[in-house]
Amino acid sequence: MKNYICYSINNTLNQFNMADTEKLVEQLVTQHGKTRNSLLPVLQGVVREEHFLSDTAMIAIAKALNLSSADVYGTASFYTFLETEPRGENIIRVCKTITCKMKGKQQVIEAIENHLKIKEGETTRNKKFTLLAANCLGWCHKGPVMLVNDDVYPHVAPDQIVDILDKYC
Amino acid sequence: MKSKKLQRVDFIFDCAGCEPIEVVKKALKMSREEVVSSIIESGLKGRGGAGFPTGMKWKFAKDEVADTKYVICNADEGEPGTFKDREILDVVPNKVLSGMAICAYAIGSKEGIIYLRGEYNFLLPKLNGQIDEFNNNLSKIGLDFAVSIRSGSGAYICGEETALFESMEGRRGEPRNKPPFPTKSGYNGKPTVINNVETLVYTAMIINMGVEEFKAVGTMDSRGSKVFSVSGDTPKAGIHELELGLNVADFVEEFGDGDTKAVQVGGASGHCVPRKLFKETIIGFEGIPTGGSMMIFNSTRSMFNVLNDYLEFFAEESCGQCTPCRIGTQQLIKGVEQVKRGEMQSEYLDQLIKLTETMKIASKCGLGQSVANSFSSIVTNFREEMIY
């Protein structure tokens, strides 16, 4: 059975209003401390909740930590996991490094692309999933491997994709 | 040079006769000088890949006078083909923590931090619990030291120690100039010992079993054993702890699939060893030092694809701060593709090797400097595959 919420086209999820974002930033800054050393944990906290760093979030962080917003953006844009573009609720990262390539990561990517009807680098229209390729994820002996958010799927086979992704709907 | 026979060792994952907190207690009974000199005498070298003598690092930090010192565990394992640190932190985290505590005692530090790569965030819930428990145990035995954990965000370069400090200080992970070295001015500008996960476990094991027993394993230049991450065309993919100083031929006999064409020792930034050099190449500091990544390729694999994959990796992960690395990595990809397509003469490969030599001299950190290793070893040994 297909999970209809998961594959519906219209979705109002992943829209955050300004006040919520500012509140989240305030909470994170209180938790991690008001110094520059807390910048990464704060950025990571926003990404965890909102899946990417909006301009609103980065400006709020800059204000809270007394930095320029350019400085916050400059730091965030350095890190692959600190997305500054809107992303889906669930981020799929398939390892593309040589050993996973040798063990069939391409078939895994194709299975995901067929299932979600998106290409590598794209987000589904309902903002549920984003598909990305990643450098070595540290599971070379059990390739191909994929991460969905923080969850690891070693030895992943193309025919398992539908079941795995359904769990995130 | 005579090589050692392949010998399996079990220091890291074996927990019999080793209660991590007891090992810390044992260290506390020694003087700080004795702890440092034991590690120096053991000949232990860093297991992250660079191979700096661990004991000397501890000594430099111990000799610094400062109000705050840090012990950092580098768990930003990102080298392609390496996965042993994840396994160590998953299976024996207490041994890592006891290594950190022993170091803290030796150098006089109160704060320890584990920098865990973002890709390993799934370890966090379990690890946080174990850290809390360990911190409690430390305060019970009277050592004023506590460990916390920080997550990375998907940048290979942050495994470079000074880039890691920059990242922890909330900046782009761009390596600093050295000197000053971390033992003088590291995290927050304070004296810092930064060790790889596996190195920290070995320091605890040396304190536990004694210097002599550790020194009995390995060779003059490469004391002890090493955890290898074996992957690629092998029926025995996984983690194997072996005595240092064996040659690639013996390694391939044990782990190869009978058709091994080449072994990449040390990941993308390491060296590629072709079949004809298996016998004479020793795995260890007298031959090819390695962080433990061993990727095995059989004769069905195209070494052009392997090289191209490594180059793309470097081009993506270069922090872009210094020109030789930023431009060099991109030009190398362009160059090998041009030669492959026949748009450039094969002699152009020699010019590209020269470019990697320039990068070795002129790049600021290990990333740009080590591109030459895989590039020249693959291009020299598999030249025909680069051209046809």
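Which helix of chain B does Gln338(B) lie in? That would be helix α12, residues 323-340. Keep in mind as you look around that this is a predicted model.

**View 1. Gln338(B) and its surroundings.** Here we zoom in on Gln338(B), a residue of helix α12 of chain B. Its relative accessible area is 17%, so Gln338(B) counts as buried. Leaving aside residues up to four places away in sequence, Gln338(B) touches Glu343(B), Met344(B) and Tyr348(B). Met386(B) is 48 residues from Gln338(B) in sequence, and their C-alpha atoms are 10 Å apart in space.

**View 2. The largest nonpolar core.** Met386(B) turns up again here, as one of the residues that touch the most other members of this core. Helix α11 of chain B (residues 303-317) gives the most to it, with eight residues. Zoom in on Met303(B) and you'll find contacts with Lys261(B), Ala262(B), Cys272(B), Phe297(B), Ile378(B), Phe382(B), Glu385(B) and Met386(B), again skipping residues up to four places away in sequence. There's also a second, separate core of 57 residues, with Ile21(B), Ile39(B), Ala101(B) and Val211(B) among them.

**View 3. A five-stranded open sheet in chain B.** Read across the sheet and the strands come in the order β6-β5-β9-β7-β8, with mixed pairing. At the edges sit β6 (238-243) and β8 (271-274) of chain B, each pairing on one side only. From one strand to the next, the twist averages 30°. Helix α8 of chain B (residues 197-209) packs on the sheet, where it touches β5 (225-232) and β6 of chain B. The direction of helix α8 makes about 150° with that of β5(B).

**View 4. Strands β7 and β9 of chain B, side by side.** Residues 260-265 make up β7 and residues 293-298 make up β9; the two strands of chain B pair in the antiparallel sense over five bridges. Look for Val265(B), which stands opposite Met294(B) in β9(B).

**View 5. Where two domains of chain B meet.** Domain 1 covers 20-215 and domain 2 covers 303-385 of chain B. Taken over C-alpha atoms, their centres are 33 Å apart. Eleven residues of domain 1 of chain B are in contact with eight residues of domain 2 of chain B. Between them, the two domains bury about 850 Å², 68% of it on carbon and sulfur atoms. On the domain 1 side, Tyr156(B), Ile157(B) and Pro175(B) lose the most area to domain 2 of chain B, together 52% of what that side buries.

Notes:
Residues are numbered from 1 along each chain as its sequence is written. Chains are lettered from A and ligands numbered from 1 in the order in which they are written. This is a predicted model: local features need pLDDT of at least 70, side-chain atom pairs count only at pLDDT 80 or more; totals for chains, interfaces and linings use all residues. Side-chain values use heavy atoms; hydrogens and water are left out. Two strands pair if DSSP finds at least two bridges between them. Helices (H or I, at least four residues) and strands (E, at least two) are DSSP runs, numbered from the N terminus. Axes are lines fitted to C-alpha atoms, for helices over the stretch in contact, and angles run from 0 to 180 degrees between N-to-C directions. Contact means heavy atoms within 4.5 Å. A nonpolar core is a set of buried Ala, Val, Leu, Ile, Met, Phe, Trp, Tyr and Cys residues joined through side-chain atoms within 4.5 Å. Buried means under 20% relative accessible area, exposed over 50%, partly exposed in between (1.4 Å probe, protein chains only). Domain bounds come from an automatic or database domain assignment. Buried area is the accessible area (1.4 Å probe) that two parts lose on being put together, summed over both.
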